[in-house]
Amino acid sequence: MEGTRKHPNYVAVWGALFALTVLEVAAVYVGLPRHLLVLSLLLLAAWKALLVALYFMHLRFEPRRLALVAMTPLPLGVILVVAVLQEYAKR
Amino acid sequence: MAHAAPLSAPRAEQGLGVYTQKLGMWVFLASEVMFFTALIGSYIILRWGSAESWPVPHEILAIPITALNTFILICSSVSMVKAYAAATQDDQKGLRRWLLLTVIGGATFVGVQAFEYHHLISEGLLPSGIREGSALAARLVDTGKVSATAAGLFGSAFFTMTGFHGFHVTCGVICMTFVTIKAFRGGYRGGRYHGIETIGLYWHFVDLVWIILFTIVYLI
């Protein structure tokens, strides 16, 4: 991101991250059904991670090709986990 | 014989359209994603594949203190990005103030994590599992809520993942201290903000990894 560009509202992003963290901790103690809890927590974590990547790491404002470089390892990570889980499934 | 004029070197910004340091940091971070994916993936697989009763994290770990620590790390990420914003506007006073806050936030995170480790070890959670005769063993293993095997897997995975993350934060704090000293000496005057942005990317990445770790290890 070039310095001449307008900066996003970082304090608003901070507020969203704080609210999402509070929601996450509250979800653990509320006593949601297990599957719903895991799904909610994963979605909230993904949302927070996306906010950090898009606004703090400025991926939203970078050339698309750089965003592709940044995202390259994600499918590899999924393949890694799924491949080993397959081994467990076969046992 | 007259020499041909040397070809001008290609500009580093060509190609992906970003300067070399930033591209280098992104490539490094891509390798770090694979490193942490291997650790997190191992934890998921161990937990999913464990036939034994796995420990419920919030029965062993102090969630409120770690949530506070998560918040501290998020705050340090905000102060880092504010330092970057100040650097791009050549606001040296703001740059120094925000960098100092970032260093304090990072050091506090590491300090709280060290305190947490000390507390957990004294309670009986070790990298090898739950210590026999400890308070945790009496509460979880002796009552049959958690198997000793699963406790061993949990202990080793917990200390490996959080330990490697803590090591990354510690490295970040050390680097950030040098950057802060350089900022106090006026090293980033006149729009020279590339160093701030590059170290900032690392710092935000460490924050991002903790967001995932906190959810997977502490909350689920």
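Leaving aside its neighbours within four places in sequence, which residues is B:Leu95 in contact with? They are B:Ala83, B:Ala86, B:Ala87, B:Ala183 and B:Tyr188. Two residues are in contact if their C-beta atoms, placed from the backbone, lie within 7 Å.

Before going further, some housekeeping. This is a predicted model, in which local features need pLDDT of at least 70 and side-chain atom pairs count only at pLDDT 80 or more, while totals for chains, interfaces and linings use all residues. Residues are numbered from 1 along each chain as its sequence is written, and chains are lettered from A and ligands numbered from 1 in the order in which they are written.

Now the core. B:Leu95 belongs to the largest nonpolar core, which has 72 residues. B:Leu95 is among those with the most contacts inside that core, along with B:Ala83, B:Ala87, B:Leu99, B:Ile196 and B:Val217. A nonpolar core here is a set of buried Ala, Val, Leu, Ile, Met, Phe, Trp, Tyr and Cys residues joined through C-beta atoms within 7 Å. Buried means that 20 or more other C-beta atoms lie within 10 Å of the residue's own; exposed means 12 or fewer, and partly exposed is in between, with C-beta atoms placed from the backbone.

Which element gives the most to this core? H7(B) does, with 17 residues. Helices (H or I, at least four residues) and strands (E, at least two) are DSSP runs, numbered from the N terminus. H7(B) covers residues 194-219, and its 26 residues reach 37 Å from first C-alpha to last, close to the 38 Å expected at 1.5 Å a residue. That expected span is 1.5 Å times one less than the number of residues. H7(B) bends by about 25° at B:Leu213, the bend being the angle between axes fitted to the seven residues ending there and the seven starting there. Of its 26 residues, 23 are buried, so H7(B) is largely enclosed by the rest of the structure.

On to the interface. 35 residues of chain A are in contact with 38 residues of chain B. On the chain A side, H2(A) supplies the largest share, nine residues. That side divides into 26 nonpolar, five polar and four charged residues. For that count, Ala, Val, Leu, Ile, Met, Phe, Trp, Tyr, Cys and Pro are nonpolar, Asp, Glu, Lys and Arg are charged, and the others, Gly among them, are polar.

Next, the loops. A:His58 sits between H2 and H3 of chain A and has a positive phi of about 65° although it is not a glycine. Is A:His58 buried or exposed? It is buried, with 22 other C-beta atoms within 10 Å. B:Asp90, in the loop between H3 and H4 of chain B, also is not a glycine and has a positive phi, of about 55°. B:Asp90 counts as partly exposed because it has 15 C-beta neighbours inside 10 Å.

Last, confidence. pLDDT is the predictor's confidence in each residue, from 0 to 100. Chain A has a mean of 87, with 91% of its residues at 70 or more; chain B has a mean of 90, with 93% at 70 or more. Among the elements of chain A, H4(A) has the lowest mean, 80, and H2(A) the highest, 94. The model scores ipTM 0.89 and pTM 0.90.
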